[in-house]
Amino acid sequence: MSGSLAVRVRRHVVDAELEVPLGGPPVTALFGPSGAGKTTLLRCVAGLERPDPGSVVVFGDELWSGDDRHVPARSRRVGLLFQDHALFPHLDVDANVAYGLRGVPRSMRGERVAEALATAGAGHLAGRRVAELSGGEAQRVALARALAPRPRLLLLDEPLSALDTPTRSRLRVDLRQVLVRSGTPTLLVSHDRTEVLALADRVVVVVRGRVLQVGEPAEVFGRPADAAVARVVGVETAAPGVVRSRGDGVLGVEVGSGARRLTAVEVLGETTLGPGDQVLVCIRAEDVALELPGRAGPSSPRNHLPGTVTAVAVDGPLVRVDVDCGFPLAAYVTRPAREELGLVPGSAVVASVKGPAVHLVPHPQ
Amino acid sequence: MDWQAVAVSARLALATTAILLVVAVPLAGWLAFSRRRWTVAAEAVVALPLVLPPTVLGYYLLVAMGARSPVGRWWQEVTGSTLAFSFSGLLVASVLSSLPFAVQPLLAAYGGVDRRLLEASAVLGRGWWGTLGRVALPLSRAGLATAAVLTFAHTVGEFGVVLMVGGNIPGETRTASISVYDSVQAFDQVSAGRTSLLLLGFSLVVLTLTYTLQRRGGPGWARP
């Protein structure tokens with residue numbers, strides 16, 4: 001199938017058979033527990049490992065078929081961003097970016113290097129020595145190097161894991177913007193939910209080598225298809241929102257269709273957020289309390305969201321209640337609590353969420 | 001002192017070094033980066049001259065270059081002269097016996113190159129030779145220098161193989177080390193002493209140079 005990646009790999013501990021859609025919005029994330037062989041999969045697609053026996057088909061183009069077709073890494077037109085960037089230490093920034101431009105006429109290379117550096121937000125780093133770059137700068141240069149040959153597919157291997165925490169949260173936004181700007185179909189592998197929420201337009205949940213669910217991050221994290229997916233991703237509402245106000249360390253965020261205002265406490269490391277910024281509002285189901293309308297007095301939780309129960313499902317000792325309060329919100333309550341409140345689909349409830357339980361992930365479109 | 005022999009030694013060492021660098025750069029690359037199992041066997045063969053008595057190596061080379069071997073016959077048909085007891089034959093022997101001295105330092109240097117850089121090069125569209133020339137070799141310059149110095153020095157110091165294959169023809173195959181042996185045989189202590197002193201000084205200089213190269217490790221990024 002064109003517009004997708006089909007991989008069959010049996011290698012070491014990895015036994016995977018996947019078809020990953022890559023058409024439409026640019027960034028697709030392969031999400032799964034660590035140690036599941038996601039990196040091996042990526043290396044097989046790049047041509048750095050041989051899926052023996054197995055097959056790799058990218059956009060309908062058979063790159064590896066196990067017996068007769070073996071396209072070497074150098075001919076695959078696939079970009080790869082290494083975790084540790086792997087910049088060539090003996091070359092400067094420009095020569096690094098130009099490295100993959102062998103097929104481009106010499107007179108046009110300078111232009112292409114400048115273009116790639118600009119796309120990656122690294123124009124100011126031209127001519128620098130690699131040893132002088134910080135972690136974040138090195139990543140931009142590595143991105144520019146991967147994008148310069150205009151690959152048909154860009155592969156990212158846990159792109160933010162090699163960076164320290166403050167750099168990471170800053171770069172999440174930058175990286176997302178670069179990926180959207182370049183428009184190159186991108187496949188990233190990660191076991192970090194924040195990374196996936198911040199970067200991806202589509203999540204493919206992979207457990208033991210099989211695709212369990214494909215969907216938008218908010219959908220997959222908020223409404224896992226089944227218990228197996230829920231165990232891997234956790235249950236978390238992740239609704240798109242826009243920051244409207246900021247003051248006293250508290251951000252006001254508008255979420256969902258009813259223009260309801262949710263109060264969110266500024267999250268450490270996300271201090272760059274301000275009015276107008278697009279975010280994903282993440283709330284774990286365990287942090288949502290439900291009460292009946294009209295009974296609430298003053299209380300410490302800052303957010304009281306009236307809504308209607310849409311679904312009730314028993315999940316072990318807990319009951320998962322889905323509430324529509326302008327946006328879909330999941331809540332976990334105990335079974336006695338559900339009895340006492342008489343929760344059934346259609347019940348009117350008020351969902352309470354404490355400010356610090358609201359986690360904002362910047363997510364520019 | 002036997003200047004003629006010193007000149008033969010210098011010519012032989014220069015030619016051997018030039019040939020071996022061309023051969024060893026890709027050969028060591030293949031040994032270092034290939035994933036096939038039998039590279040271990042190939043590595044053992046390359047290292048053989050390190051442990052084999054020079055007379056044994058010389059004996060086999062002499063047999064291979066003789067008129068009864070296909071190689072020797074082919075050479076005689078093409079050039080009209082014998083390979084054994086000629087400078088060309090000496091050069092072939094010297095290339096083979098010095099092979100490990102060129103390959104081993106390069107092998108060690110390649111081993112210190114981050115594999116990810118080689119992978120990055122492949123993904124960016126370079127083949128094996130391109131990656132070797134643009135990434136592995138530039139990052140192994142100290143190893144390349146060590147290989148050149150050691151090959152040159154070992155060729156100058158070679159005795160057993162040279163005697164077996166080259167014989168002792170002045171101006172053609174009589175090298176400095178053989179000249180010392182000759183002088184002693186002829187009770188010419190003065191000449192033997194002078195040539196020995198020259199070789200001693202040369203060896204000391206070479207070793208100092210080698211250790212300096214290794215200590216510094218070349219530019220900072222060349223160190224593993």
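Which residues does V45(A) touch, not counting residues up to four places away in sequence?

Reply: Bear in mind that this is a predicted model. Leaving out residues up to four places away in sequence, V45(A) touches L5(A), V7(A), V56(A), V58(A), V78(A) and L155(A).

Now for the setting. The largest nonpolar core has 169 residues, and V45(A) is among the members that touch the most others, together with V281(A), A331(A) and L106(B). As for which element gives the most to this core, that is helix α5 of chain B (residues 87-111), with 14 residues.

In chain A, six strands make an open sheet with mixed pairing, ordered β6-β7-β8-β3-β9-β10. The edges are β6 (78-81) and β10 (210-215) of chain A; each has a single partner strand, so one side of each lacks a neighbour in the sheet. On average, neighbouring strands here are turned by 20 degrees against each other, if you ignore direction.

β6(A) pairs with strand β7 of chain A (residues 153-157) in the parallel sense, over four bridges. Within that pair, G79(A) sits opposite L154(A) of β7(A). Helix α4 of chain A (residues 135-147) lies across both β6 and β7 of chain A, and runs at about 170 degrees to β6(A).

From the N terminus on, its elements read α-α-α-α-α-α-α-α-α-α-α: that's 11 helices and zero strands. The C-alpha trace of chain B spans about 65 × 40 × 25 Å along its principal axes. Of its 224 residues, 41% count as buried. If you take the contacts in chain B with a separation of 6 or more, 74% of them join residues 24 or more positions apart.

And where the chains meet? There, 14 residues of chain B are in contact with 16 residues of chain A. Helix α6 of chain B (residues 115-123) gives the most to chain B's side, with six residues. Sorted by class, that side has nine nonpolar, two polar and three charged residues.

Methods:
Residues are numbered from 1 along each chain as its sequence is written. Chains are lettered from A and ligands numbered from 1 in the order in which they are written. This is a predicted model: local features need pLDDT of at least 70, side-chain atom pairs count only at pLDDT 80 or more; totals for chains, interfaces and linings use all residues. A nonpolar core is a set of buried Ala, Val, Leu, Ile, Met, Phe, Trp, Tyr and Cys residues joined through C-beta atoms within 7 Å. A residue is buried if 20 or more other C-beta atoms lie within 10 Å of its own, exposed if 12 or fewer, and partly exposed in between; C-beta atoms are placed from the backbone. Helices (H or I, at least four residues) and strands (E, at least two) are DSSP runs, numbered from the N terminus. Two residues are in contact if their C-beta atoms, placed from the backbone, lie within 7 Å. Ala, Val, Leu, Ile, Met, Phe, Trp, Tyr, Cys and Pro count as nonpolar, Asp, Glu, Lys and Arg as charged, and the others, Gly among them, as polar. Two strands pair if DSSP finds at least two bridges between them. Axes are lines fitted to C-alpha atoms, for helices over the stretch in contact, and angles run from 0 to 180 degrees between N-to-C directions.
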